[in-house]
Amino acid sequence: MTQNETADTETGAMESAGAMETGAVGAGTASAEVARLRALDACAISDALDTLGLPGAVTVLRPMWAAGRVVAGVVRTVKAAPKSAAGPATHIATPLVAVADPDDVVVIDNHGRTDVSCWGGLLAEAAAQRGVAGVIVDGACRDVQDCEGVDLPLFARAAVTVSARGRIVQEAMDVPIQVGGVRVSSGDFVIADRNGVVFVARHEIGRVLGLAERIAAREADMARAVRSGRSVIDVMHDSQFPTITAEAAP
């Protein structure tokens, strides 16, 4: 990390009037759903959303380092904006990280910009101390080695060296944002792995999980059949392992 990352947060900055009450949407109330997500993978959740006709899969983000595990948790949002003399001056993500709960996932909307970072090493250190499950940036990040050093999974469009200092600030936290064209709110759920990032609206999590678990079980049965020597042509035929449908979901 560089000296730019050590800049003090400017005081007196105001958050968006529409921001949700701090701590009201943390992961502490959703531990069962998070555990079920972690037992799956991003592809299973994406397939369930496809079957239900729901949005959520993001195709423009990738892991910045190989965490080797599924990342799942409850979304906490941050909206970034260019710094201006008349606008907010809050150092991006610091108010959220300071109150984050274990298993929260920090999700930053920097409008897809890849010319400036909005996540770095000091934020990673603080997030790891709070037990944050991961960080997702619709934009660029930096200090990837610091994130890896504290075992904090990080997903973004790119890694760059350019600091946020003097360029972008936090406009608001816990407000609806856009990530790769998907509308995301604090309190929603997210799963991310080497395949990509998928969001699930909070009110849909029950039926999405139920369907995804049935899809994963079907694929496990199909894999066992292939390993036992059955032809992949037969195994992939729907007459042998019928496709899981939304209508059949509990």
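1. Let's start with Asp174: in this predicted model, the side chain of D174 makes a polar contact with the side chain of R76 at 2.8 Å. A second polar contact, at 2.5 Å, joins the D174 side chain to that of S186. D174 sits in the loop between β9 (168–173) and β10 (177–179), and with a relative accessible area of 1% it counts as buried.

2. Helix α2 (residues 42–52) is worth a look next. Its buried residues are A42, A44, I45, S46, A48, L49 and L52. Their cover includes α1 (31–38), β1 (57–58), β12 (189–193), β13 (196–200) and α6 (205–227).

3. Please check both ends of α2 on your screen. D41 caps the N-terminal end, with a side-chain oxygen 3.2 Å from the backbone nitrogen of C43. Just after the helix, G53 takes a positive phi of about 70°.

4. Now for the nonpolar cores. The largest has 29 residues, of which I92, A93, V106, I108, W119, V137 and L154 touch the most other members. Two or more residues each come from β3 (71–82), α3 (94–99), β4 (104–109), α4 (121–130), β5 (134–138), α5 (144–149), β7 (154–156) and β9. The largest share, three residues, is that of α4.

5. Beyond its neighbours within four places in sequence, L154 is in contact with R62, P63, M64, W65, W119, V135, V137, C141, V144 and C147.

Key: Residues numbered from 1 in each chain as written. Predicted model: local features only at pLDDT ≥ 70, side-chain atom pairs only at ≥ 80, totals over all residues. Heavy atoms only, no water. Helix = DSSP H or I, 4+ residues; strand = E, 2+ residues; numbered from the N terminus. Buried < 20%, exposed > 50% of the residue type's maximum accessible area, 1.4 Å probe, protein only. Polar contact = N/O pair within 3.5 Å; in protein donor to acceptor, adjacent residues only side chain to side chain. Contact = heavy atoms within 4.5 Å. Core = buried A, V, L, I, M, F, W, Y, C linked by side-chain atoms within 4.5 Å.
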